[in-house]
Amino acid sequence: MSGMSRDFTVAAYYFPQYHPDPRNDKWHGKGWTEWDLVKAARPRFPGHRQPIVPAWGYFDEANPEWTAREIDYAADHALDCFIYDWYWYEDGPFLEHGLESGFLKAKNNTRMKFALMWANHDWLNIHPSKFTNKPELMAPGRVSAVAFERLTDHAINEYFPRSNYWRIDNAVYFSIYEMGTFIAGIGGVDAARKAIDGFRARAAKKGFDIHLNGITWGVQVLPSEVKLSNPAQVIELLDITSVGSYCWVHHFDAHSVGFPKSSYQKAFERNAQVWGENLKLFPVPYHPNVSMGWDSSPRTIQSDTFENRGYPWMAMLDGNTPEAFKTALQKAKSFLEGPDVKQRILTINAWNEWTEGSYLLPDTVTGDAYVNAIRDVFGK
């Protein structure tokens with residue numbers, strides 16, 4: 001079914017902002033990484049556990065020796081794949097060295113599959129965000145057909161030929177985060193379909209079928225100029241192979257419970273509903289998501305008063321214990337065993353979203369508890 005040795009495939013999103021990058025040098029100063037926000041975080045209300053301290057320290061993910069350690073840790077705990085948040089703007093790539101210098105140069109990288117989710121959102125300066133929460137646009141998510149061809153050619157030539165690139169039914173997996181941004185940037189639905197057809201044709205010349213995944217949130221939140229209101233219609237018009245979710249807060253209004261503390265349990269209940277809804281709504285397979293947690297407060301200026309002002313000034317999900325996470329994984333597994341599910345694929349948010357409070361790597365308080373939950377539920 002999925003090219004893996006087990007019935008299920010468990011893939012974790014990997015956010016590669018923990019190594020120096022030339023753009024960040026220009027925007028934030030030489031050598032800046034998002035570890036600087038992790039270190040600077042402070043408790044914003046009584047009982048708030050910040051700063052989170054990574055058990056492995058503030059390592060450089062572009063160093064293949066560190067990535068090798070991540071690969072072994074993930075593979076030993078029943079994770080099959082890292083889906084890299086992969087950035088490519090009109091003027092080229094960003095944050096690519098976590099994958100290119102880290103993962104692809106790690107000696108043991110055949111223990112894990114890897115894949116790309118083109119993270120084509122606007123890059124805003126929320127590192128950190130001010131109280132006014134009107135962050136500057138650093139790089140627009142919308143790109144031209146020329147840039148799309150360039151970025152997909154890079155994937156076809158550099159990543160797809162690798163034996164450890166993730167395939168589903170022999171097709172290489174490529175995900176798009178914001179379908180609406182893609183359509184709007186490229187000039188409408190017809191132009192988007194033409195660009196996708198071109199991508200498929202160029203890949204086919206090199207011997208690759210494309211499994212094109214769309215993140216449902218990016219399909220449902222369409223810019224006004226995209227004249228489509230029916231998400232299922234977008235999927236059919238663009239010839240998308242599957243849909244999936246990136247994180248729970250895309251489908252759950254955290255502030256419906258309270259601020260600054262919302263409920264992990266309520267977020268789980270709503271997302272379990274969403275799984276069933278998406279199974280019926282979309283004409284293609286749906287891959288559910290389990291989120292480890294949520295707390296985006298490290299992305300706010302710590303000396304400003306913490307108020308509800310929209311992302312990243314938002315409520316955290318309280319109660320995301322390893323036990324609660326494990327229960328969510330068990331429910332997701334049961335969902336994937338259902339008769340109408342065509343692909344037993346689960347995504348997890350996230351491997352290392354430290355500044356959004358969603359990470360599987362060990363911290364100094366919870367240690368291996370979260371990865372142990374994955375191994376307990378999905379291990380061989």
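Modeller: At 7% relative accessibility, Thr33 is classed as buried, where buried means under 20% relative accessible area, exposed over 50% and partly exposed in between, with a 1.4 Å probe and protein chains only. The model is predicted, so local features need pLDDT of at least 70 and side-chain atom pairs count only at pLDDT 80 or more, while totals for chains, interfaces and linings use all residues. Residues are numbered from 1 along each chain as its sequence is written, and side-chain values use heavy atoms, with hydrogens and water left out.

Thr33 sits in the loop between H1 and H2; helices (H or I, at least four residues) and strands (E, at least two) are DSSP runs numbered from the N terminus. Leaving aside residues up to four places away in sequence, Thr33 is in contact (heavy atoms within 4.5 Å) with Gln17, Tyr18, His19 and Pro20.

The loop that holds Thr33 also holds Glu34, between helix H1 (22-28) and helix H2 (35-40). Glu34 makes a salt bridge with Arg299, with 2.6 Å between the closest N and O atoms; the term means a side-chain nitrogen of Lys or Arg within 4 Å of a carboxyl oxygen of Asp or Glu. Arg299 belongs to the loop between strand E13 (289-291) and strand E14 (316-318), so the pair ties together parts that are 265 residues apart in sequence. Both partners are buried: Arg299 has a relative accessible area of 5%, and Glu34 has 0%.

Another pair is Arg142 and Glu225, whose closest N and O atoms are 2.5 Å apart. Arg142 is in the loop between strand E6 (137-139) and helix H5 (145-159), and Glu225 in the loop between helix H8 (216-220) and helix H9 (231-237), so this bridge joins parts 83 residues apart in sequence. Arg142 is partly exposed at 38%, and Glu225 is partly exposed at 39%. To return to Glu34, salt bridges with shared partners join Glu34, Arg299 and Glu356 into one network.

Asp7 pairs with Arg344 in a salt bridge, the closest N and O atoms being 3.8 Å apart. Here the segment before strand E1 (9-14), with Asp7, is linked to the loop between helix H11 (322-336) and strand E15 (345-349), with Arg344, over 337 residues. Asp7 is exposed at 51%, whereas Arg344 is partly exposed at 22%. The whole structure has 15 salt bridges.

Beyond four places in sequence, Phe182 touches residues including Trp118, Phe148 and Ile196.

E2 also gives two or more residues to the lining of the largest pocket, as do strand E5 (123-124) and H8. That lining has 36 residues, with His121, Tyr177, Glu178, Trp217 and Tyr311 nearest the pocket centre.

Technical notes
On a 1 Å grid over the protein atoms alone, a cavity is a set of points where a 1.4 Å probe fits but cannot get out, and a pocket is an open set with protein on both sides within 12 Å along at least five of seven lines; lining residues have an atom within 4 Å of a point.
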